[in-house]
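Subject: Structure handover and notes

Hello,

Here is the structure I said I would pass on. Please have it open while you read the notes below.

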Amino acid sequence: MLTRLKKIGSHDIFKRMIVTVIFVVVLSFAIIESMIISGFKINDTQASHVDYMIILGSGLKGSQLSIILQQRVDTGIVYLKQHPHIPVIVSGGQGPGEDIPEAEAMSRYLVSQGIDQTRIIQENRSTSTFENLKFSQDILQARGIHQPSIMIVTSNYHLYRAEMIASTLGFKVHGIASPSLGYLLPQNMLREYLAMIKAMLQLP
């Protein structure tokens, strides 16, 4: 009888643990997704006291911009044409299935759309959002530029995390959210939830 009661008690504890874990996951998902969604509203297009724009990479098809990356660059072009004194860092290395670094492809596209080559700085080593911003910071610091005001351009679902990382690196941050493909948004939001957890665990 006593053994049976112990088994029942252990079973109840296990069930409570499962319920608790599910509750924590659901709660964290709701909180983090609301943070991500808040990035959709970031649109600092009126900010003119910006030292540099940074456009974050997002994959190529061979040497051509992916649709997501073209949306990011097109969003950046609008601001760059309105503020012709602001230089731009295009940030992205070369991944699987890419013939050239993302930074090179973005630079070519910007020039084809009328942006002067002399305004463009390539950061072509990064493979993650943190590296996008850290390696861009390294380039600027090598030029003697510390704690600049930057305008980050990236997809709406990605902007909150990008700004969070940039702030921890010491940048003064502004942002412009580019649109994203509706049919890809659910999977991008789920991926971003996991990336946000990773970022929060790794950042100081």
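The notes start with the sheet, then take the cores, the helices and a few single residues.

This is a predicted model, in which local features need pLDDT of at least 70 and side-chain atom pairs count only at pLDDT 80 or more, while totals for chains, interfaces and linings use all residues. Residues are numbered from 1 along each chain as its sequence is written, and side-chain values use heavy atoms, with hydrogens and water left out.

The sheet

Helices (H or I, at least four residues) and strands (E, at least two) are DSSP runs, numbered from the N terminus. Two strands are said to pair if DSSP finds at least two bridges between them. Five strands form an open sheet in the order S5-S4-S1-S6-S7, and the pairing is parallel. Strands S5 (120–123) and S7 (172–178) are the edges, each pairing on one side only. From one strand to the next the twist averages 25°. Angles here run from 0 to 180 degrees between N-to-C directions, and axes are lines fitted to C-alpha atoms, for helices over the stretch in contact.

S1 pairs with S6 in the parallel sense over 4 bridges, and with strand S4 (residues 88–91), also in the parallel sense, over 4 bridges. Ile54 has Ile152 as its bridge partner in S6 and Ile89 as its bridge partner in S4. Ile55 is partnered with Val153 in S6.

"Buried" means under 20% relative accessible area, "exposed" over 50%, and "partly exposed" in between (1.4 Å probe, protein chains only). S1 is largely enclosed by the rest of the structure, because 5 of its 5 residues are buried. Tyr52, Ile54 and Leu56 are buried on one side of S1, and Met53 and Ile55 on the other, so both faces are covered. In a regular strand the side chains alternate between the two faces of the sheet.

Helix H2 (residues 67–82) lies across S1, S4, S6 and S7 and runs at about 165° to S1. Helix H3 (residues 102–112) lies across S1, S4 and S5, running at about 165° to S5.

The cores

A nonpolar core is a set of buried Ala, Val, Leu, Ile, Met, Phe, Trp, Tyr and Cys residues joined through side-chain atoms within 4.5 Å. The largest has 29 residues, and Leu133, Ile150 and Ile152 have the most contacts inside it. At least two residues of this core come from each of helix H1 (2–38), strand S1 (52–56), helix H4 (129–142), strand S6 (149–155), helix H5 (156–168) and helix H6 (185–202). H5 gives the most, with 6 residues. Not counting residues up to four places away in sequence, Ile152 touches a list that includes Ile54, Leu56, Leu133, Leu159, Val173 and Ile176. A second, separate core has 25 residues, among them Met53, Val73, Ala103 and Leu110.

H5 and H6

H5 is mostly covered, with 10 of its 13 residues buried. The buried residues include Asn156, His158, Arg161 and Glu163. H5 and H6 pack at an angle of about 10°, with their axes 9 Å apart.

The contact of H5 with H6 has 9 nonpolar, 3 polar and 2 charged residues. In that count Ala, Val, Leu, Ile, Met, Phe, Trp, Tyr, Cys and Pro are nonpolar, Asp, Glu, Lys and Arg are charged, and the others, Gly among them, are polar.

Single residues

Glu192 is found in helix H6 and is buried, with a relative accessible area of 4%. Leaving aside neighbours within four places in sequence, Glu192 is in contact with Ile36, Tyr157, His158 and Arg161.

Gln147 is in the loop between H4 and S6. Gln147 counts as exposed, at 56% relative accessibility, and its phi is near 50°, a positive value in a residue other than glycine. Just after H5, Gly170 also takes a positive phi, of about 100°.

Regards

Conventions. Contact means heavy atoms within 4.5 Å.
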